[in-house]
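Hi everyone, thanks for making time this morning. Let's look at some charged pairs together, and then at one residue of another kind.

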Amino acid sequence: MADLCSEFGDLVKIKKQLISVISLCKERGLVHSVKWASELAFALDPLPKNELPPPAAFTEEDAQDLDALGLAKSYFDLKEYDRAAYFLRGCRSQKAYFLYMYSRYLSGEKKKDDETVDSLGPLEKGQVRNEALRELRVELSKKHSAGELDGFALYLYGVVLRKLDLLKEAVDVFVEATHALPLHWGAWLELCNLITNIDMLKSLSLPDCWIRDFFMAHMYTELQMIKEALQKYQSLIESGFSKSTYIVSQIAVAYHNIRDIDQALALFNELREQDPFRIENMDTFSNLLYVRSMKPELSYLAHNLVEIDKYRVETCCVIGNYYSLRSQHEKAALYFQRALKLNPRCLGAWTLMGHEYMEMKNTSAAIQAYRHAIEVNKRDYRAWYGLGQTYEILKMPFYCLYYYRKAHQLRPNDSRMLVALGESYEKLSQHVEAKKCYWRAYSVGDVERMALLKLAKLHEQLNEADDAAQCYIIYIQDIFSCGEQLEHAEVSTALRYLGQYYFKNKLYDEASLCAQRCCDYNDAREEGKALLRQISQVRDQMEASSTDLFGPLSSNNNTPVRRVSPLDLSSFTP
């Protein structure tokens, strides 16, 4: 923290750097980097006139290319990329060279997208290629070898390599680009998408610049290291970026990732107050509203975004979530498809479309959608988990196990992944592994409160009566202590089992207490009454033989008193 504050000590200098990089990116048509730097600059105090940075140095080559560059940039802004490239053919300045190559790249992307929209549905998108990539790679590679690429051209070279699936080379080039031009956020963001784990992140040699802290915070969020991400963002706020809407949105996304729904909703509402026409991240906000079944709020958000811009990816995802919440799954899938026509690399839309196909029982389309999500981002645990669920429906437990393992590696402390893994092991009769998974799911904080119940039933199935009883006891205590009766809570199942268990072990007081509690539940009432009659008969016989072994009923608690010896569950901890 101390290091960070000293690094951010000169906010005036940072503001100057941001103003300079905004200008450089604007000249090159890098609109997303312009927006990011502008939002950050807006969060800092304005500079007096005498503190404003001077314009970038102007070379002889820049002067020669000035007219051609002005003309080409006007065509570029109108998305006439081939035309822009044509007028930049003979230019020699760095700026003109970048715009020339970037125009050719975007022309190829545009043609690819047009062809995709015309001929194929979104599920076959991967079959169309940008034909310009190979030529661009050859030309950029020559310049790279000769050391003639500046920071922006290195960034473009990295993008071309990534698009050609040359990922290792792309990482090296993006790292080089961050060293050559540390303030260009686009290069950092591209690097983010290629880093698959924390070890890879630690192995990279990154420039020592204040923007690196923003990158690390973003990276921690992506790698599900939410505690570290929140600490980093808190440090950035304390360093002087307290007005940054970008940081607020990132913290909201981080809370969404750890399912702290109340905190995330509060931050998104705050964000909408500060920036009411914002569309970015609103698809994530709609996911939270969906999870909470907040229909009016989701409807309002969808209508609001349609008014702002109905042809944005996020808007389509929000409308898709709205229809999904209303169980109109065909309509929902249609809007996710529309989102993918607008941006085939939209991760959320692929995953959500997979969910919709699952709801419609179209498993083959769901598998395709989830696979596309993984192609876009191998760190998307929801897609791996979705694939596991799909193969579960297809009754293919070995496949389930593979995909649930992948999801668990990405979210090691998510109980849902562990419970799913346990179920897969159970189906494959790997009972020891299944027990470990269920116990671990309970230990990390069981979100759905199902792990102990499944563990108890497994013990019951394996005739491990003492272990099953112990699990049922903890399960009942857990359900009652949480203060809310969960819809799927199977308290009656646990009470039924414990009643019989105590009765067999001649612990009639506890058996009687469980039987009485069974009478509170419709599905267990008859068995409870039958057990009470059995206990009564046994006690009558005992009294008849005048052997009074037991004292009066002593427990008036919600949960049965355990008189069995404590069971050691530590053996199940992986």
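So, this is a predicted model, and I'd like to begin with a network of salt bridges that links Lys35, Glu39, Asp275, Arg278 and Glu280. Within that group, take lysine 35 and glutamate 280: their closest N and O atoms are 2.7 Å apart. This pair links distant parts of the chain, 245 residues apart, with lysine 35 in helix α3 and glutamate 280 in the loop between α15 and α16. Lysine 35 is partly exposed at 32% relative accessibility, and glutamate 280 is partly exposed too, at 27%.

How many salt bridges does the structure hold? The count is 33. Another one joins lysine 95 to glutamate 27, with 3.4 Å between the closest N and O atoms. Lysine 95 sits in helix α6 and glutamate 27 in helix α2, so this bridge ties together parts that are 68 residues apart in sequence. Lysine 95 is buried, at 14% relative accessible area, while glutamate 27 is partly exposed at 32%.

For a local example, aspartate 77 and lysine 73 meet at 2.7 Å, N to O. They are four residues apart in helix α4, so about one helical turn separates them. Aspartate 77 is partly exposed at 49%, whereas lysine 73 is buried at 16%.

Last, my residue of another kind: leucine 156, in helix α8. Is leucine 156 buried or exposed? With a relative accessible area of 2%, leucine 156 is buried. Beyond its neighbours within four places in sequence, leucine 156 contacts Phe98, Met101, Tyr102, Tyr105 and Leu140.

How values were computed:
Residues are numbered from 1 along each chain as its sequence is written. This is a predicted model: local features need pLDDT of at least 70, side-chain atom pairs count only at pLDDT 80 or more; totals for chains, interfaces and linings use all residues. Side-chain values use heavy atoms; hydrogens and water are left out. Helices (H or I, at least four residues) and strands (E, at least two) are DSSP runs, numbered from the N terminus. Buried means under 20% relative accessible area, exposed over 50%, partly exposed in between (1.4 Å probe, protein chains only). Contact means heavy atoms within 4.5 Å. A salt bridge is a side-chain nitrogen of Lys or Arg within 4 Å of a carboxyl oxygen of Asp or Glu.
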